[in-house]
Amino acid sequence: LAPAWSLAGGKDSNGRDFASYYYAATVASNGGNPWSADDLSAAANPRPEGRKKARAAVSAKKKSVHPFLYPPPFLFTLAWAPAMELQAAYRAWFWFQEACLVASMLALWMWWRPLGRAVPFLLACSVAALSAVPNNHLMGQANFPPLLFAILGLWATDRDRPMAGGLFMAVACMFKMSPALFVLWWLIRREWVAAGASIAAAAMLTVLALPIVSMSAQLDFYTRVLPGFASGAYNGLSVPIGLYGNHSIPNLIHMIAPGGSESELSAA
């Protein structure tokens, strides 16, 4: 982590991917739509007051922010961020991600302890060898909180506690959409209690998020942004689907049936 932290702690740090979360939380706290590219841009580039500041703004470079992609309850974890400067919040997020990673590995160790004494050492070596770990922290991404809750959910169902497992998995799904694949797996295996608890809890978390994200903004996410993932649109994200290292389901489909534009899948 040392090289990643030396870059994250630098004076020129711009928040990277975390800036999207930060400005989304800022927009939501002001009653705006965090999935609106215009609202995010306005939050990142506030209008200066006065002629002197206006002249200075003419020569200033406009900040570019990636579109916000995550479900409404995700913003619960960013409620504290608007009270801090972007760089300070980004560095706090760095260590929050590391704490979630350590907790994830401890949970996995406790779950897999019956497999033998080598488990913790293999987990430690795996984490140390994964370049995705410092990359996640440096980019300010949000991969480890959903990993933690997904592991807790799977562990709970493995111990015949499907209700608890579903609740944990719902939290994971409200961090990022990809853990929903585990819910699909439960449905395929006819583990109805775990899957049903997860779906019900996800709906409840969405309702609980109404005080921080308006109903109209949430409808925009569920009716426009979320369906767009099926085409690879990602709410207007400019990162190409075929980008090397883009390990996503749309990327796999793009390899099988290339075509379309850089930002959307082919018709096939």
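Begin by selecting Arg189, which is partly exposed with a relative accessible area of 48%; here buried means under 20% relative accessible area, exposed over 50%, and partly exposed in between, with a 1.4 Å probe and protein chains only. You are looking at a predicted model, in which local features need pLDDT of at least 70 and side-chain atom pairs count only at pLDDT 80 or more, while totals for chains, interfaces and linings use all residues. Residues are numbered from 1 along each chain as its sequence is written, and side-chain values use heavy atoms, with hydrogens and water left out.

The term stands for a side-chain nitrogen of Lys or Arg within 4 Å of a carboxyl oxygen of Asp or Glu. Glu191, at 25% relative accessibility, also counts as partly exposed.

The structure holds two salt bridges, and for the other stop select Asp220 together with Arg224, whose side chains meet in a salt bridge at 2.7 Å from N to O. Both residues lie in helix H12 (residues 215-228), and because they are four residues apart there, about one helical turn separates them. Helices (H or I, at least four residues) and strands (E, at least two) are DSSP runs, numbered from the N terminus. Asp220 counts as buried at 16% relative accessibility, whereas Arg224 is partly exposed at 39%.

Next, turn to the cysteines. How many disulfides does a search of the whole structure find? The search finds zero, where a disulfide is taken as a pair of cysteine sulfur atoms within 2.5 Å. Cys173 is buried, at 9% relative accessibility, while Cys125 is exposed, with a relative accessible area of 53%.

Finally, select helix H5 (residues 86-112) and helix H7 (residues 132-139), whose axes come within 8 Å and cross at roughly 150°. Axes are lines fitted to C-alpha atoms, for helices over the stretch in contact, and angles run from 0 to 180 degrees between N-to-C directions. H5 and H7 are therefore roughly antiparallel to each other, a label for angles over 145 degrees. To see where they meet, show Tyr90, Phe94, Gln97, Glu98 and Leu101 in H5 against Val133, Asn136, His137 and Leu138 in H7, with contact meaning heavy atoms within 4.5 Å.

Methods. Parallel < 35°, antiparallel > 145°, perpendicular 65-115°, else oblique.
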